[in-house]
Amino acid sequence: MRWRLFLLIALLCAIPVVVALWAANAHVVNHWLLVHTGTVNEPGPFYGFWSGFGSDLTEFGIIGVIATGVYQLVRKFNCHEPGCWRVGTHPAAGGQFLLCYRHHPDYAGTKPTHELIARMHREHLEQQAAIRTRLTEIHEHLAGKGPAAGDGRAASVAGPPDSARSNPLP
Ligand SMILES: [Zn+2]
């Protein structure tokens, strides 16, 4: 965060310096710009601009789009720990974050060893089996009761009894 503030201050200080240097050497800078944008020694300044520097504006746009795409890809796949440039390949917090092995809480800053991978795989399988067993128990519990067991909900969902419906309106 501090280097960004430093960069911003440096940029804000550089702008007036550049403007002052340009104003002090206006003739030289303007001539340099005219030559390098292709707007000198032509029938008109706009013709020279559009057939020179101006014809490259589309390419600048394409380069900008490609650069933005590359930046977004880097932002997507690099480690979500602030300031880390490694590729984040390990999901954390249920996939909300992609972290490198150094910043993932399960790996304690070291590359995952074979033993750690085997242990975590075994724990994952045990957890999945426990969830499956518990779901099966719940399913059997619910299937065993069913609506015929009569907990009162079936009747209330079906509506009032026929005798109540056949009553004439007042
Ligand atoms: Zn990282």
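Just after helix α2, Gly 38 takes a positive phi of about 70°. Helices here are DSSP runs of H or I with at least four residues, strands are runs of E with at least two, and both are numbered from the N terminus. The model is a predicted one, so local features need pLDDT of at least 70 and side-chain atom pairs count only at pLDDT 80 or more, while totals for chains, interfaces and linings use all residues. Residue numbers start from 1 along each chain as its sequence is written.

Helix α2 itself, residues 26-36, is hardly covered: of its eleven residues, the number that are buried is zero. Buried means that 20 or more other C-beta atoms lie within 10 Å of a residue's own, exposed means 12 or fewer, and partly exposed is in between, with C-beta atoms placed from the backbone.

Positive phi also turns up outside glycine. Ala 93, not a glycine, has a phi of about 55° and sits in the loop between β1 (90-92) and β2 (97-99). Ala 93 counts as exposed because it has 9 C-beta neighbours inside 10 Å. Ala 108 has a positive phi too, near 55°, and its place is the loop between β2 and α5 (114-145). With 10 C-beta neighbours inside 10 Å, Ala 108 likewise counts as exposed.

As for confidence, pLDDT (the predictor's confidence in each residue, from 0 to 100) has a mean of 83 over the protein, and 84% of the residues reach 70 or more. Over residues 149-170, pLDDT stays under 50, and the model has two contacts beyond four places in sequence for this stretch. A contact means two residues whose C-beta atoms, placed from the backbone, lie within 7 Å.
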